[in-house]
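Here is a short report on one protein model.

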Amino acid sequence: VKLEGGERCATYRLVGDEEAVLPFPDGTFDLVMSSVALHWVNDLPKLLLEAKRVLKPDGCLLFAMVGGSTLPELRSSLVLAEMERDGGVSSHVGPFVDFSDVGSLLTTAGFTLPTVDIDTLSLGFPHAFVVMEHLQRMGEGNASLNRRKRVGVETFLSAACIHQEMYRGESDPEEEEECIETSLQIIYAIGWTPHESQPQPSARGSGKAKLGEGMVTSTTKE
């Protein structure tokens, strides 16, 4: 990392267990960042507590993670295909955190001033098998312990056909092949460790204005 004067800041790599105690003393860092990796953590509340521990007062936690509305088309297609072919359903996509739960996770871990945003991307692929191939090559396959050891070829073919029929995407006019739509949800969040310089809520009962005084109760037409 180069600084303004041209000096270099020392960096190093560390391989550790994110679900164990982080190998850093309390109050070590000003900033902790994570980029699309938290969906692999089994005990997310514990990791957030550890992130708060290693941050200095008024330190910042900044992360982006895969949200719960990711790959809904593929998930529903696999569920329908399994119900049709096998008479039951199983897990094929790893569990994700819902957007509505991120703020609660941050405040429960002791972070203040949480801010959460969301971005949903729509991607186009030729068919469902290409989607699954991309996930496999990215190392984003299903790692759930209760997943099925083997899924029949007929089930995958059925899922691909259902996906093709139910979730058609907008094809490129220059290309003859049709495409399917696949959604990806990214959640962005930021939280701060407590510090006296941060804005604080007023004491309970200290308000001097009534809520009704600023409300319009009736309107008249001229």
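## Salt bridges

R137 and E133 form a salt bridge, with their closest N and O atoms 2.9 Å apart. A salt bridge here is a side-chain nitrogen of Lys or Arg within 4 Å of a carboxyl oxygen of Asp or Glu. Both residues lie in helix α4, four residues apart, about one turn of the helix. R137 is exposed at 69% relative accessible area; E133 is partly exposed at 33%. Buried means under 20%, exposed over 50%, partly exposed in between (1.4 Å probe, protein chains only).

The structure holds six salt bridges. D30 and K56 make one of them (3.8 Å, N to O). That pair links distant parts of the chain, 26 residues apart: D30 in strand β1 and K56 in strand β2. Helices (H or I, at least four residues) and strands (E, at least two) are DSSP runs, numbered from the N terminus.

## Basis of the model

This is a predicted model: local features need pLDDT of at least 70, side-chain atom pairs need 80 or more, and totals for chains, interfaces and linings use all residues. Residues are numbered from 1 along each chain as its sequence is written, and side-chain values use heavy atoms, leaving out hydrogens and water.

## Helix packing

Helices α4 and α5 pack at about 115°, with axes 8 Å apart. Axes are lines fitted to C-alpha atoms, for helices over the stretch in contact, and angles run from 0 to 180 degrees between N-to-C directions. A128, F129 and M132 of α4 meet F156, L157, A160 and H163 of α5, where contact means heavy atoms within 4.5 Å.
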